[in-house]
Amino acid sequence: MSDELKCPQCGCEHIYQDGGLWVCPECAHEWNEFSTGNPEAETNEIRDANGNVLADGDTITVTKDLKVKGSSLVVKSGTKVKNIKLVDGTDGHNIACKISGIGAMNLKSEFVKKS
């Protein structure tokens with residue numbers, strides 16, 4: 001691990017890599033490997049689980065079963081979602097969409113792939 005890498009949120013030096021994400025054990029902040037921690041260098045691109053850039057109106061496929069919070073419903077893996085809208089979700093949910101049988105909801109881009 002390079003001495004230059006630190007958590008962009010709290011500055012902790014004890015970060016570790018978990019798959020494609022960097023994780024800070026002190027503040028639990030997670031960020032992807034494409035992020036440099038430098039706000040000027042980052043772009044506003046939203047990428048799917050495979051690293052493909054997503055855009056408004058794309059069709060995506062859910063890659064794992066997702067429980068719907070506050071409900072007993074589950075969005076099954078393999079569910080196709082058409083006509084997505086990218087939003088600036090402060091809680092990490094950066095895709096707004098409508099799923100048939102469930103309704104309007106927000107998804108995290110790390111659990112979808114572009115179709």
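A: Happy to. Let's begin with the record: UniProt annotations may be inferred rather than shown by experiment, and their positions are given here in the numbering of this chain. The model itself is predicted.

Q: Which residues does the annotation "domain: Protein YjdM N-terminal" cover?
A: According to the unreviewed UniProt entry, that label spans residues 6–32. In the model, this stretch is 33% strand and 0% helix, and its end C-alpha atoms sit 13 Å apart.

Q: How many helices and strands does the chain have?
A: There are 13 strands and zero helices. Following the sequence, you read β-β-β-β-β-β-β-β-β-β-β-β-β.

Q: What order do the three strands of the open sheet take?
A: Look for E9-E6-E13, with antiparallel pairing. Strands E9 (80–81) and E13 (112–114) are at the edges with a single partner strand each, so one side of each has no neighbour in the sheet.

Q: How many bridges join E6 to E13?
A: Three bridges link E13 to strand E6, which covers residues 60–62. To spot the pairing on screen, find Thr61: Lys113 of E13 stands opposite.

Q: Now burial. What share of the residues count as buried?
A: The cut-off is under 20% relative accessible area. In this chain of 115 residues, 26% are buried.

Q: Why does Asp58 count as buried?
A: Because its relative accessibility is 15%, and the limit is 20%. Asp58 sits in the loop between E5 and E6. Beyond neighbours within four places in sequence, Asp58 touches Val53, Val81, Lys82, Asn83, Ile84 and Lys114.

Q: Where does Asp48 lie?
A: Asp48 is in the loop that runs from strand E4 (46–47) to strand E5 (53–54). Asp48 is buried too, but has no salt bridge. A salt bridge needs the charged atoms within 4 Å, and the nearest side chain of opposite charge, Arg47, is 7.1 Å away.

Q: Which backbone nitrogens does the side chain of Asp48 reach?
A: One belongs to Gly51, at 2.9 Å from a polar atom of the Asp48 side chain. Another is that of Lys114, at 2.8 Å. Setting aside neighbours within four places in sequence, the contacts of Asp48 are Leu54, Ser109, Val112, Lys113 and Lys114.

Q: And what share of the contacts in the chain comes from residues 24 or more positions apart?
A: Among contacts with a separation of 6 or more, such pairs account for 35%.

Terms used
Residues are numbered from 1 along each chain as its sequence is written. This is a predicted model: local features need pLDDT of at least 70, side-chain atom pairs count only at pLDDT 80 or more; totals for chains, interfaces and linings use all residues. Side-chain values use heavy atoms; hydrogens and water are left out. Helices (H or I, at least four residues) and strands (E, at least two) are DSSP runs, numbered from the N terminus. Buried means under 20% relative accessible area, exposed over 50%, partly exposed in between (1.4 Å probe, protein chains only). Lys and Arg count as positive and Asp and Glu as negative; His and the chain ends are not counted. A polar contact is a pair of N or O atoms within 3.5 Å; within protein, one must be able to donate a hydrogen and the other to accept it, and residues adjacent in sequence count only if both atoms are side-chain atoms. Contact means heavy atoms within 4.5 Å. Two strands pair if DSSP finds at least two bridges between them.
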